[in-house]
Amino acid sequence: MQQPSVPVFQPHLGVDTVKAVTDAFDVGWIGMGAETRGFESDLQATLGTDRPVVATMTGTSALHLATRFAGVGPGDEVIMPSFNFVADVQAVAWTGATPVFADIDDRTLALDPSRVAEMITPRTRVIMPLHFAGIVGDLDAVYDLARTHRLRVIEDATHALGSTHGGRPIGSFGDITCFSFDPVKIITSLDGGAVVLPAGADVAALHRLRLLGIDKDTTERYRNRRAWDYDVLDTGFRDHMTNINAAIGRSQLRRLDEFVANRRRDARAYNEAFAGLDWLAVPRTDFAAVGPFIYTVRVAAGRRAALIDHLRTRGIATGIHFLPCHAKTFCRSFPRGPMDVTDRVSAEILTLPLWSSMPRDVRDRVIEAVVTFEPARPVATPGARARS
Ligand SMILES: *Cc1c(COP(=O)(O)O)cnc(C)c1O
């Protein structure tokens, strides 16, 4: 079996990042500290917002802490897409609340607000939309629903660093926003996440959730010191970001504009190269408002496996984001509405390689491999194109 030589993801870790790590080690304070605070203010500056930012250990912990911060607990329900990573499901399940699945919009692959509306019950507390692949769906309608039914919104922006909505960066407006900086995201802190809160929110409460319910210690740690005389006020976790991770994240954040520009350029090149293929549908965006985390195409269900094989023999790896959560054993009992679009999209979607810094010849190899694929037999065209 030939090993794929073009991976789906490839983080860009330059000498700047390596230097950031050694510098951070030299300080000698490895745990949460001044770099963590620095990462938080750098992220605020990047987003152009005064909203409080709290850095976390992972994107999953950001979603979990945000859900708790929103007061969600046993008996409550949180509506999210099943077309999703299971991290969102677990983050909600950890609070004792029930994840509830709503279908997505065939065009944007984001939550379909009319499907969300059908799933709202007296137990619903939060809507958790995912900006899949960095593409923001009908977010205004989600916020309208939340306002009408007095719900919180926790945006899963783990795909959407660098995306905008109505000209404003995702994370700079709205209710609560969560980011991820795991190894494959647009920028990485090796592992990391962040919660962005509304202005004036009780950020100390989120600090306590992040670190073992401990009160007042955060200020000391942000000076690379430790408070010995602290109180513990409530349940808390151990979900903070260390100085080392933060230093890596800061070095990457400085290059975000460059990474997003590279990804937009390559995503547009893919869109253009594939526009004439009648057996494949490309994302319906020009990426101007998108920080493209992944690049996905849709192929009619019966052809996807053949295309994956075709690409693999040419040394090109692919991925599938996502097979639906509602089909996983753990999630089968959770309430859900109709899943027609989710099921169709999950059978059609395919992720092609897209990196923060992908050499042109690699991109051209991917394009060449895709356009030389000859679908075996006529089958129904993929949904997105059929409706365009
Ligand atoms: C990456 C990701 C997460 C969680 O991020 P981690 O940092 O890996 O914990 C959650 N949801 C989605 C959809 C993601 O892609």
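I began with the rings: Tyr270, Phe274, Phe287 and Tyr295 form one aromatic cluster. Rings of Phe, Tyr and Trp (its six-membered ring) pair if their centres lie within 6.5 Å; planes under 30 degrees apart count as stacked, over 60 as edge-to-face and the rest as tilted. The model is predicted, so I note that local features need pLDDT of at least 70 and side-chain atom pairs count only at pLDDT 80 or more, while totals for chains, interfaces and linings use all residues. Residues are numbered from 1 along each chain as its sequence is written, and side-chain values use heavy atoms, with hydrogens and water left out.

**Entry 1: a ring pair**

I counted the aromatic pairs by this rule and got 12. I looked up the one formed by phenylalanine 9 and phenylalanine 293. The two rings are stacked, at 5.9 Å centre to centre and 15 degrees between the planes. Phenylalanine 9 sits in the segment before α1 (15-27), and phenylalanine 293 in the loop between β10 (280-281) and β11 (295-299), so the pair ties together parts that are 284 residues apart in sequence. Helices (H or I, at least four residues) and strands (E, at least two) are DSSP runs, numbered from the N terminus.

Then I checked accessibility. Buried means under 20% relative accessible area, exposed over 50%, and partly exposed in between (1.4 Å probe, protein chains only). Phenylalanine 9 is partly exposed at 24%. Phenylalanine 293 is buried at 3%.

How many of the 5 residues of strand β5 are buried? I found 4 of them buried, so the strand (residues 152-156) is largely enclosed by the rest of the structure. For pairing, DSSP must find at least two bridges between two strands. Strand β4 (residues 124-127) pairs with β5 in the parallel sense over 2 bridges. There, valine 126 stands opposite arginine 152. Strand β8 (residues 176-180) also pairs with β5 in the parallel sense, over 3 bridges.

I followed the chain from β4 through helix α6 (residues 139-149) to β5 and noted a right-handed β-α-β unit. Right-handed means that, with the strands pointing away from the viewer, the path from the first strand over the helix to the second runs clockwise.

Threonine 67 is buried, at 0% relative accessibility. Not counting residues up to four places away in sequence, threonine 67 touches Val72, Val78, Val92, Thr95, Met128 and Ile154. Contact means heavy atoms within 4.5 Å.

**Entry 2: strand β1**

I checked both faces of strand β1 (residues 53-56). Val53 and Ala55 on one side are buried, and so are Val54 and Thr56 on the other. β1 runs antiparallel to strand β9 (residues 193-196), joined by 4 bridges. Alanine 55 has alanine 194 as its bridge partner in β9.

Which residues of helix α11 (residues 304-313) are buried? I listed Arg304, Leu307, Ile308, His310 and Leu311. Seen down the helix axis, they fall within an arc of 160 degrees, so they line one face of α11. The arc is that of the directions from the helix axis to the C-beta atoms. Turned away from the buried side are the exposed residues Ala305 and Thr313.

The buried residues of α11 pack against β11, α12 (340-348), β12 (349-352) and α13 (360-371). I then traced the open sheet: 3 strands in the order β10-β11-β12, with antiparallel pairing. β10 and β12 stand at the edges with a single partner strand each, so one side of each has no neighbour in the sheet. Leucine 280 stands opposite valine 299 in β11.

α11 lies across β11 and β12, at about 15 degrees to β12. α12 lies across β11 and β12 too, at about 100 degrees to β11. Axes are lines fitted to C-alpha atoms, for helices over the stretch in contact, and angles run from 0 to 180 degrees between N-to-C directions.

**Entry 3: backbone checks**

Just after α11, I noted glycine 315 with a positive phi of about 80 degrees. The peptide bond from histidine 321 to phenylalanine 322 is cis, with omega near 0 degrees. Phenylalanine 322 is in the loop between α11 and α12.
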